[in-house]
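I opened this model to go through it piece by piece. These are my notes, in the order in which I looked things up.

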Amino acid sequence: MRKALSAIGIVLLLLLAGCDFKEIDLRIFVLAIGVDPGEEEGTFKISLKLAIPQGEVTKIDEKMQILTEESPSISEALRRMKSKVEKELDYSHCKSIILGEGIARKDIQHVMDWAVRRRDVQLIVNFAVGRPEALQVLQVRPESERIPSNSLILAMSGQGTESPFIASVYSFQLMRNIYEKGIDPILPIIEAKGKSEFLIDKIALLDSEKIKMVLTPNETRLYNLLSRSNLRTNLPAHIEGVMYQYYTERSSSDYKILNTESGKATIRYHIKIKGILEESSSPDLVTHSKLKKIQAAGEKELEDDILALLKKIHTSGLDPFGWGLHYGARHFNNDTEMEVWKGLYAGLDFQVKADVNIKYSGLIK
Amino acid sequence: MAKSRYFYCLFLMNSLINIINFVPRELIDRRFDGALFSILIATVLGTLFVYIFTVLIAKFPGKGFPEIFTPLLPKLLVKPLLVFFAGLWCVAGGVTLLSFVDITLRYVSPNSSPYTVVIGFLILVCICCRFDSLSLLYGLEIILFVTLPLIVYGIVKALTNPDFNWDSVLQITTYIWHKPDLMSLSAATFSFSGYINLAIFNRVFHGLKLKHVWILGVEGLLVLLVTFLVPIGYFGTVAIERHVYTWFSTADSIRIESFIIERMLFIFYFAYMTLSLVSVIVHWHVGLGLFKGAISSTKKKSQKAEQWKEWLILCLFSGLVLSLIWMDQYQLNVLGIWFLQIRWFGEMFLIALLFYCYRKVRRQRL
């Protein structure tokens, strides 16, 4: 009895292993997907960046291929592309989805929905806007790149470069912020500069559908300073025509929404920075009192810049920092709080307090 | 004879397993209408149930339900009751199995046939649930020992992620003062119903003495809060309802930077597949024991006949699962919700029955 059963079990196990699993050399890995508007109205131009698996790591030579197909539906375009290659397309290693600016200025929800719904696309895919077109961004092939599309992956994930101008957005975050009340999504913008260079230093602010506003590189840096902690960047301080730059070793920011009862709300930001002096345009000795002055000047400049950024964002009517959600999370009148917030948002005031603490003047005084 | 700590293992297994299934979905569907308050009430009720049940069953050392009920309840009533409860346990295991087949097809091997997967699982479960109770408890302890660190790692990783949105979580907690509802209450109490497996496993516990029952309450509450709130931190208060398997989506949203595998999903899948198969085995072991208690006659039968009986019952259980595999995700969900409801009332009924038996025994002694 027992033997018979175990025999049956083993036979069934053999069946299990046989379900159509494809060997790795029969697969092509899609590393990035680009979505652009097609020639005809209402169609998509889908581009896939493919990596071809190679045997020896030491002799690796970047081998990649780009496929393009136009169709009114994303899945249709992908199925059609299956006829253009001899191997099975595998999306499970796809790391970035680039939306062409044409799509991002019209409607991102369709593409987002597709990316989140498909089971073999990860929820930690990086979303970004490609300029001028997603296809051009995919075609970029930096000299330093060894593995196809690796440069994009490294840049976006923060594993490689830690640029203060890059904000990365995963698909689950994009979806969360599109649907959530009281917070609006953002997307980083990747610009293709020729065939071998790209530039990621801007972010786009979106409502739940399309791009409403694009921040400049400097504003992007300040946005990142406000939205995450320990941003590594340099910040300026000017005293009497002399320019100083300090490097932020540690940074943190938080905010409070004040005086909500009187019908007018103020958002008070508090930024704390611990820095080192990195650059000085004058040969003068940096004394202790000078360092304090630089600190004060730095605080003033930072406060002004951030205030300008906050006001700019406020006039666009968007809420990328999630102030509305923050307000709702601290009020128990669940049915009315979002209505109240709408009223408060219109007359919002901002205060910024920066605490810059420059401890060292670098290796020299 | 098993030590009391195996009781905690049974409890822990049940409360951990509720993450994957219908419990978070049910709670999340009612996140704006009193799910949180229901969780608090369920914690109190659940702990109370555990306490009452363990105190009562400790009066019958070494006896499972069939041995308790047969001499104390009317003959005509015992058999249908045992069959009913056996059915409940069978469905408990079956529902877990069906949803795990669905998860496997969705996340791991989309191209294989559901029958291959379900038959693979069924063979394992049917072979294992015929083991004796004590070895199952030992096995359960070891499996928990392996999977618990992985699950804890996953939860810590989930909570320390900078992309976790605490404001969304706080926003949901401001909905605490909505009145609780029955659906989410019965869903939340599932986290505490590991104790009910004592129906058969009490055969190996002689004089179960529990110290610190409040620990079970705290553990259940923590697991429920994590189950309910962590996915909201990842998907927001609104978009969360669009995810089918909220916890698998959550695991998919966590990236492990410094490990061989980048995706938390696979670690999570491994831990939960092991744990849910063990839970199915435990549930069916209890169902099998109850069913056997219902159809066994007083005269002694041969070993061979017993074995055949067991296989017959297991075939019946497997047949039920196989006959339900046609269901799509919405129908499966409805089945799960119905099960959660009926199970809760069944639990209350069981405790009442046990109380009745206890009273009767005391009166006989006096």
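Before naming any element I noted the convention: helices (H or I, at least four residues) and strands (E, at least two) are DSSP runs, numbered from the N terminus.

**Entry 1. Ground rules.** I am working with a predicted model, in which local features need pLDDT of at least 70 and side-chain atom pairs count only at pLDDT 80 or more, while totals for chains, interfaces and linings use all residues. Residues are numbered from 1 along each chain as its sequence is written, and chains are lettered from A and ligands numbered from 1 in the order in which they are written.

**Entry 2. Confidence.** I looked up pLDDT, the predictor's confidence in each residue, from 0 to 100. Chain B has a mean pLDDT of 88, and 98% of its residues reach 70 or more. For the complex, the predictor gives an ipTM of 0.86 and a pTM of 0.88.

**Entry 3. A cis peptide bond.** I found that the bond from A:Arg131 to A:Pro132 is cis, with omega near -10°. I placed A:Pro132 in the loop between strand E6 (126-131) and helix H5 (134-139) of chain A.

**Entry 4. Positive phi in two loops.** For burial I count other C-beta atoms, placed from the backbone, within 10 Å of a residue's own: 20 or more is buried, 12 or fewer is exposed, and in between is partly exposed. A:Asn230 is not a glycine, yet its phi is positive, near 55°. This residue lies in the loop between helix H8 (217-227) and strand E11 (234-239) of chain A. Is A:Asn230 buried or partly exposed? I note A:Asn230 as partly exposed, because 13 other C-beta atoms lie within 10 Å.

In chain B, B:His212 also has a phi near 55°, positive in a residue other than glycine. I located B:His212 in the loop between H10 and H11 of chain B. B:His212 has 9 C-beta neighbours inside 10 Å, so I count B:His212 as exposed.

**Entry 5. Strand E1 of chain A.** Strand E1 (residues 27-37) of chain A is mostly covered, with 10 of its 11 residues buried. I then asked which strands pair with E1(A); two strands pair if DSSP finds at least two bridges between them.
- Strand E2 (residues 44-51) of chain A is antiparallel to E1(A), with eight bridges; A:Gly34 has A:Ser47 as its bridge partner there.
- Strand E4 (residues 88-90) of chain A is parallel to E1(A), with three bridges; A:Phe29 is partnered by A:Asp90.
- Strand E5 (residues 96-100) of chain A is parallel to E1(A), with four bridges; A:Ile98 stands opposite A:Gly34.

The hairpin of E1(A) and E2(A) has six residues between the strands, and A:Gly42 takes a positive phi near 85° in it.

**Entry 6. Another hairpin.** E11(A) and strand E12 (residues 242-258) of chain A run antiparallel and are joined by six bridges. A:Val242 in E12(A) stands opposite A:Ile239. Two residues separate the strands in this hairpin, where A:Glu240 has a positive phi near 45°.

**Entry 7. Domains of chain A.** I used domain bounds that come from an automatic or database domain assignment. They divide chain A into domain 1 (24-214) and domain 2 (217-365). The C-alpha centres of the two domains of chain A lie 32 Å apart. Contact here asks for C-beta atoms, placed from the backbone, within 7 Å. The contact takes 17 residues from domain 1 of chain A and 20 residues from domain 2 of chain A.

**Entry 8. Helix H1 of chain B.** Helix H1 (residues 5-17) of chain B has 13 residues and reaches 18 Å from first C-alpha to last, close to the 18 Å expected; the expected span is 1.5 Å times one less than the number of residues. I found 11 of the 13 residues of H1(B) buried, including B:Phe7, B:Leu10 and B:Met13. The buried residues of H1(B) pack against helices H5 (75-108), H7 (133-160), H10 (198-201), H11 (213-239) and H13 (264-295) of chain B.

**Entry 9. Where the chains meet.** How many residues of chain B are in contact with chain A? I noted 32 residues of chain B in contact with 29 residues of chain A. On the chain B side, H11(B) supplies the largest share, six residues.

Definitions and conventions. Contact = placed C-beta atoms within 7 Å.
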